[in-house]
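Me: I have a structure open and would like to learn how to read it. Could you take me through it one feature at a time?
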Amino acid sequence: MNYLNETIDSLNDKLKKGELDAKQLAKDTAENIKKTDEKINAFITVDEDAKVAEDLNFDNKLAGVPIAIKDNIITEGLKTTAASHILYNFEPVYESTVVAKLKAAQATIIGKTNMDEFAMGSSTETSYFGDTKNPWNLNKVPGGSSGGSAAAVASGEVVAALGSDTGGSIRQPASFNGIFGIKPTYGRVSRWGLIAFASSLDQIGVMSKRVKDSAEVLNVIAGADDRDATVSEKEVPDYTAFLGKDVKGLRVAVPKEYMSDAVEAGVKKAVQAKIDLLKENGAIINEVSLPHTKYVVPTYYIIASSEASANLERYDGIRYGFRAEDAKNLEEVFVKSRSEGFGDEVKRRIMLGSFALSAGAYDKFFLQAAKVRTLICQDFAKVFEDNDVIVGPVSTETAFDLNSEISDPIKMYNNDILTISANMAGIPAASVPAGLSETTGMPVGFQIMGNRFDEGHVFQVADFIERSNKFYEQKPAGLED
Amino acid sequence: MNFKSTIGLEVHFELKTKSKIFSPSPVTYGAKPNTETNVIDWGYPGTLPMVNKEVYRLGLMVALATHSHVNPVTHFDRKNYFYPDNPKAYQITQFFKPLAENGYVEVEVHGQKKKIHIHEMHIEEDAGKNTHGTNGFSYVDYNRQGVPLLEVVSEPEMTDPDEAVAYLEKLREIVQFTGASDVKMEEGSMRIDTNISIRPAGQKEFGTKVEMKNLNSFEHVRLSLAYEQKRQEQILLSGGRVQISTRRFDTNTGKTVLERVKEGDADYRYFPEPDLAPYHIKKEWVDEIAANLPKTADERRDIYVNEYGLKPYDANVLLQSKESSDFFDKAVAAGADPKQAANWMNTQVNGYLNENHAELKDIALTPENLAAMIKLISDGTISSKIAKKVFAETVANGTDPKKYVEENGMAQLSDESVLTPMVKEVVDNNPQSVEDFKNGKDRAIGFLVGQIMKQTRGKANPKVINKLLLADLNAR
């Protein structure tokens, strides 16, 4: 079963009518994933015996629909690795809130998708389980860290997948793969069961070809949870209610920092075309400034790495996961397990974060970064006083070649310059396809950011653009035989 | 040369909650290892802490009882250190914004009253417990992981071991009477770390600090500090330098032993806990807690001595624990004469507890039953001799004293209309005793009382008989 021409609604309809059988669908989906993954390696684990809910109630839009889960989200009884050697065999004994909610909505959990190790990376190349290839061009990266989820959706392996986004990890791969992806407001979706990278920035979100499919899934996974103290108790609106609207009178901000010369020409042109489209349809376009944009990369890498250094210290080879075999004493168990269990990028960030928090450095680095973060939040608050959404590119470029940036961390980090701010400010942000770049022929993502808990406007604009260009009709070129 | 000591104390109290500070696992002292744990306590990937609000409430009680300033906004921080008893490799504590600051307790030492100031108090999670087996393996029990702690940090302003112990006694009493902690050192619900430095009198700068961790009793605190004072003095007098170090008190030799030398402060890389938002403590809530604080030991002592007329010693025995003081208060509230109740509590009840190695909460005796028994004595229904039998039954089986006395015919015969004819008969039958009485021999009365007791098989109320006898004899 391939999903390139399906939506959650179409599947729901076929299942309801008996044209599809949910159990058979799960099997066919797993089979197709196996086949497609020979080319793109989007999954770490495919559950060939995926449990299909009993007594399917097709009022649940997700009933019987196979969904893929990024492998840093806990699935009870199903291996969860965070794409790290140190958790290569970890079988969780409890359930994450988002998966519990999907199961309650009778979705089928079909497997776990590849990613950068512990979500640290922008290309899915830091995975212990090998690279994922971009379905549009198998020589290119799918982006990251949710590169597996993005490629799985783009190739039609699944109709929708969960991702996580700490500094752009949903939006950038969505952009590179020509699909939709939304990082909701921090606190909109419970993090219970999300293997922590940077706790104050991590947020679970949804990726799908069609905007409406993500709205359907977000409807299920969003909302209060008494296991996560940072999740909001705010009521969850029906996100599909924001679709099908026009943009007349909508106040759209375009930050000048997001349309600078650093943005590759093909990307800039595709994004500008969408801004023009909004304007032609009655939106009010305001050029604004987010003056602290130039500080976001260092600020982000200090805060995220600091939190990560604490979050990853628990992996010691004792209670779960990988344990080095030839350790001679307890100290060696710790040192060898961690040395062999973590990849280079993870180690780099643990070192960076440990330093930023250390006694002599805390004031100069962590505290300073925390102050800049406050300024970044203020930048956004100011813009949202007079605007409904902020738009621009997701990334300065389209998908780059495999192995082209992995040895240059600074270049890789700079990939995130346009996505990090939304995590810093905790606001919702999405990537919707703007078309193919005239210079590279690869998909370009159009970023839409909303005010806190205003996913509604983000969906509204994304859906408007989707209807204007019907990008979902284009098939990824890399999979054609 | 004269030296001046500077002593600071850090005291951890386990807060008495039903469940842990950040997880729903229950907290029971003495449970089988690792039976009271869950994925949060194990530090499993993807788990998150949720604050047990009761921890704030109990902490605030202690803050208020020590006149501390409650921070209107408090938050948790991560203290990073790697150790097998610490499954997340960080402890969630409060470093930047503790629950409360700038409090004090008032102590009396060497006949002088002194305020000892509290620098700050914060709430945090306890770590697991490592034990080292004789089989070469080490074991970790995570039952204790996540037990809520309140750490109370004094200002370093105590100047001798007696002052330190006086502070500890007062602090324990205050915390105990809020009900926030069991304060049992033997169960680890109160733990003491000390630090001490000395300097020549007149020198402004503090001397080098030496720390001692996990002292087992107040006496050990006193002895170890006294030993350190001397040890450090001798080092300074011989021209040496005190090392920044942690030392252990050896209870066998009465000496302190070097554990480890510190090379600068450990770097815990503290930073705000991102999984828990800052907590705003509403003034109304603080006011409500303040209004409902249980009476302090001092307030109770005042009532016991000045209102009930108890001797200060007896009052202090009752106030050794909140349980005994509460028990006594309830007995008095149920109608017991306070002096009698105090007497029974401090002799018979305590005796029974010691004999059976039990605590008040474990035994069948209720304050109501104790009060009922004391009332039976006061109104003459039973003699104090019978009372001992009644007590033995009630304390062992929880039997209602009144019912027990009735069912077993143990009530004294005090009815004058029954006793008067008996008295008359005995006096009539013993003219010699009447004669002796008239001749001033008081012994005669004892003989006559004995005769009546014999007839009533000991149940006659001696007071009533005495009264009736005297009346009869004087009338002859």
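Me: What radius of gyration does chain B have, and what would a compact globule of 476 residues have?
Reply: The idea is to compare a chain with a globule of its own length. In this predicted model, a compact globule of 476 residues would have a radius of gyration near 23 Å, but chain B has 31 Å. The box filled by the C-alpha atoms of chain B is roughly 100 × 60 × 55 Å along the principal axes.

Me: How do I read contacts along the sequence?
Reply: Look at how many places apart the two partners are. Among contacts with a separation of 6 or more, residues 24 or more positions apart account for 77% in chain A and for 68% in chain B.

Me: How many helices and strands does chain A have?
Reply: Chain A comes to 14 helices and 11 strands, while chain B comes to 15 helices and 16 strands. UniProt, in an unreviewed entry, places the feature "domain: Amidase" at residues 29-458 of chain A. Over those residues the chain is 33% helix and 14% strand, with the end C-alpha atoms 30 Å apart.

Me: Is helix 3 of chain A largely enclosed or exposed?
Reply: Count its buried residues. In helix 3 (residues 97-104) of chain A, 6 of the 8 residues are buried, so this helix is largely enclosed by the rest of the structure. The buried ones are A:Thr97, A:Val98, A:Val99, A:Ala100, A:Lys101 and A:Leu102. They pack against strand 2 (66-70), strand 3, strand 4, strand 6 (203-208) and helix 6 (211-221) of chain A. Just after helix 3 of chain A, A:Gln106 takes a positive phi of about 70°.

Me: Which residues does the UniProt annotation "active site" cover?
Reply: An annotation gives you positions, and the model lets you see where they lie. The unreviewed UniProt entry lists A:Lys70, A:Ser145 and A:Ser169 under "active site". They span 100 residues in sequence, yet no two of their C-alpha atoms are more than 10.9 Å apart, so they gather at one spot.

Me: Where does A:Ser145 lie, and is A:Ser145 buried or exposed?
Reply: A:Ser145 sits in the loop between strand 3 (108-113) and helix 4 (147-154) of chain A. With 35 other C-beta atoms within 10 Å, A:Ser145 is buried. Leaving aside neighbours within four places in sequence, its contacts include A:Met115, A:Asp116 and A:Ser169.

Me: Where does A:Ser169 lie?
Reply: The loop between strand 4 (160-165) and helix 5 (171-177) of chain A holds A:Ser169. A:Ser169 counts as buried, having 37 C-beta neighbours inside 10 Å. Beyond four places in sequence, A:Ser169 touches residues including A:Ala119, A:Gly144 and A:Ser145.

Me: How many residues does each chain give to the contact between them?
Reply: List the residues on each side. Chain A gives 28 residues and chain B gives 23 residues. On the side of chain A, helix 8 (296-311) and helix 10 (344-357) of chain A each give two or more residues. Helix 8 of chain A gives the most, with 3 residues. The residues on this side of chain A divide into 12 nonpolar, 8 polar and 8 charged.

Me: What scores does the model have?
Reply: Scores tell you about the predictor's confidence. The model has ipTM 0.96 and pTM 0.91. For chain B the mean pLDDT is 93, and 99% of its residues reach 70 or more. Where pLDDT is low, the predicted coordinates should not be read in detail.

Definitions and conventions:
Residues are numbered from 1 along each chain as its sequence is written. Chains are lettered from A and ligands numbered from 1 in the order in which they are written. This is a predicted model: local features need pLDDT of at least 70, side-chain atom pairs count only at pLDDT 80 or more; totals for chains, interfaces and linings use all residues. UniProt positions are given in the numbering used here, feature names are shortened, and annotations may be inferred rather than shown by experiment. Helices (H or I, at least four residues) and strands (E, at least two) are DSSP runs, numbered from the N terminus. pLDDT is the predictor's confidence in each residue, from 0 to 100. Two residues are in contact if their C-beta atoms, placed from the backbone, lie within 7 Å. Ala, Val, Leu, Ile, Met, Phe, Trp, Tyr, Cys and Pro count as nonpolar, Asp, Glu, Lys and Arg as charged, and the others, Gly among them, as polar. A residue is buried if 20 or more other C-beta atoms lie within 10 Å of its own, exposed if 12 or fewer, and partly exposed in between; C-beta atoms are placed from the backbone. The radius of gyration is taken over C-alpha atoms; the globule rule is 2.2 Å times the number of residues to the power 0.38.
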